[in-house]
Amino acid sequence: SVPSSPIRLRELIRTIRTARTQAEEREMIQKECAAIRSSFREEDNTYRCRNVAKLLYMHMLGYPAHFGQLECLKLIASQKFTDKRIGYLGAMLLLDERQDVHLLMTNCIKNDLNHSTQYVQGLALCTLGCMGSSEMCRDLAGEVEKLLKTSNSYLRKKAALCAVHVIRKVPELMEMFLPATKNLLNEKNHGVLHTSVVLLTEMCERSPDMLAHFRKLVPQLVRILKNLIMSGYSPEHDVSGISDPFLQVRILRLLRILGRNDDDSSEAMNDILAQVATNTETSKNVGNAILYETVLTIMDIKSESGLRVLAINILGRFLLNNDKNIRYVALTSLLKTVQTDHNAVQRHRSTIVDCLKDLDVSIKRRAMELSFALVNGNNVRGMMKELLYFLDSCEPEFKADCASGIFLAAEKYAPSKRWHIDTIMRVLTTAGSYVRDDAVPNLIQLITNSVEMHAYTVQRLYKAILGDYSQQPLVQVASWCIGEYGDLLVSGQCEEEEPIQVTEDEVLDILESVLISNMSASVTRGYALTAIMKLSTRFTCTVNRIKKVVSIYGSSIDVELQQRAVEYNALFKKYDHMRSNTNPSVTVITIQASNSTELEMTDFVFQAAVPKTFQLQLLSPSSSVIPAFNSGTITQVIKVLNPQKQQLRMRIKLTYNHKGSAMQDLAEVNNFPPQSWQ
Amino acid sequence: MIKFFLMVNKQGQTRLSRYYEHVEIHKRTVLEAEVIKNCLSRSKDECSFVEYKDFKLVYRQYAALFIVVGINQTENEMAVYELIHNFVEVLDKYFSRVSELDVSFSIMFNLDRVHIILDEMVLNGCIVETNRNRILAPLFVLDKVAEG
């Protein structure tokens, strides 16, 4: 049978479209690849182009096509334009500098850069500018530089971007392109102007010297921009009524880089920026794209305050626009400027807060970040209300960040301790499972320091976990609190709200539920067990129950719990005598301090030291102020453990302030009655 | 800079892919699948910019075809949004002249032409030309050479 010529790309595409399954498609591809491979082996020039085109299509679908790399090189070397076109495309799609084979292109590219047909030169520039390696760039930089100076605008614009690539690959070569940049901006052709601005931008970003050198171009750039705005309708460059918006955006970006940290340049561009900001048509996306870039430039250079306020007000107007794209970029920009222009952004706070209710996830996120940045002492109550509502209704991906943000803001700006505790409670109950692990110790610290709120806090936390103990951070904080302030809970001491009636057993019930629940993480169980243990010194009726619980967990599978339980058990055994006052080895001493002088003593502290065989426990004193004229006393209880029944001796130290001076008294007490220690 | 330029249909079939940074071939197919999934799950109330990994996607839908452009932080999202439309207008001008078939069909069967158009507009991830006539000029020359 006569071998048929390789099928055309169209036919391949039609065939593949008939495949009903992935497996069927793969089979067709494999069959065609085999045919292409054998065709390549025949070294047939006629069909090489067609075969490579098919290979590129299959590559796009995700099938390997590396066996066609060398064929691309052969096409590039061909004299036919159609061959070169596919060859260079293939090189860009299939090759990169990781393959050694790409170096073989260097000579072809060099020749084609000097080709008599500009479209071939264009192909070479494009390919070199996309994937040329450092060696290739080094070899061919001279050719690129030459083309950068040509009067052919088709080639000049591509040479500029090719130069950008060369500079990125071989930064030392940047200098050699400097002369060619001299009159780039004199070009009338917009393609050349555009890519020239890109080249200048690249050079300025890479080298402070270049940046300083190119600042002198600011007036020329301003003129070009002005012409674009002021010139009438130009069909060649018009996009929805605006003349070459892409070039305008590029120039604005270069101006930004040139004006940054430079007063003179910033001043030179002030007027044109104001002009663009006020005159650009805002009804279409095109105009807003330019305004967006203008705002970014104004905010980044040393612009005068009036211009900055103008920029932020533009962003504020963007926020009210129906177009979500514009709202998105507005919030992004405001987030960048909120630190430096805080007051100006504050004026748009309510609009920003409204964006928390937007349906777009990215817009919501930015609105949240901005809202946190805008919270201050004056607006904290209102802002927290909105943010707590947001926390309640937002997507799970936001909750952790939102919770952290609320904690931070509350810590900084809380108007009262009660509000602070209430806010923490709201977060823990609303998003309790999303709160970050490191928040728990911070919250515990916070609660510890809010002494007057202990009773209120423990009561609220107890009520919160009664209904639901699945949210781990909430349960951890609650367990700790109950362990620490459980006595306040059962004694019903709450001042801030109606105190609840709860028994010691009920408290232990909830802690034990946490211990046995399979929703509780190991860490949480640890908190619960420790809390139960601590309550043994605060509760009076249920110590035996506590002992029982602790001894059970001495054989827990959870190693962490087991260790704790064992240590707590040991405490029970070793120091049980310290719990009760009827223990004969413990001596209870009550001291009373009085002041007969005519002035009070303040900051009174009693300290005591005993010999090594004794152990001392000082309970909290009743006060630190002793009133004058014997009108009041400080009492303090000391418990001394004396297992060896030795003679009790004590060294004491008194420190206090009296008559404006700091005082200190030292003494030894050796005359304790023998009954107290025998 | 522009990281990649994709045309993907609703069924997830890639109609055009161009990467301006090196991406492994199996990673490309994963990326393309994820990107189209992302775009398809967007509602009318959401904006055209998607935050994806450490960069952004700008997308526009034309009938059953999505054009998705990956950009880094330095690009102006709204300008890229315009660029996509510019590209579509150029395609429209070329293919409506060349065939009576539906434009997306023409794109599929003339992939090499679409690449040429894209190459005239974007070089190494950067805009090089936006004027329709200047973009299409080399293509008309190629068409003449191919005919002859």
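Seven salt bridges (a side-chain nitrogen of Lys or Arg within 4 Å of a carboxyl oxygen of Asp or Glu) run between chain B and chain A. This is a predicted model, where local features need pLDDT of at least 70 and side-chain atom pairs count only at pLDDT 80 or more, while totals for chains, interfaces and linings use all residues. Residues are numbered from 1 along each chain as written, chains are lettered from A in the order written, and side-chain values use heavy atoms, without hydrogens or water.

**Where B meets A**
- One cross-chain pair to look up is Arg250(A) with Glu75(B), at 3.9 Å from N to O.
- In contact terms (heavy atoms within 4.5 Å), 53 residues of chain B touch 61 of chain A.
- The two chains bury about 5300 Å² between them, counted as accessible area (1.4 Å probe) lost on being put together, summed over both.
- On the chain B side, Met78(B), Phe109(B) and Leu123(B) lose the most area to chain A, together 14% of what that side buries.

**Salt bridges within a chain**
- Across all chains, the structure holds 48 salt bridges.
- In chain A, Arg206(A) pairs with Glu202(A), their closest N and O atoms 2.8 Å apart.
- Arg206(A) is partly exposed at 38% relative accessible area, whereas Glu202(A) is buried at 9%; buried means under 20%, exposed over 50%, partly exposed in between (1.4 Å probe, protein chains only).
- Lys149(A) and Glu145(A) bridge at 3.0 Å, N to O.
- In chain B, Asp143(B) meets Arg113(B) at 2.9 Å, N to O, and both are buried.
- Glu43(A), Arg48(A), Glu71(A) and Lys74(A) are joined into one network by salt bridges that share partners.
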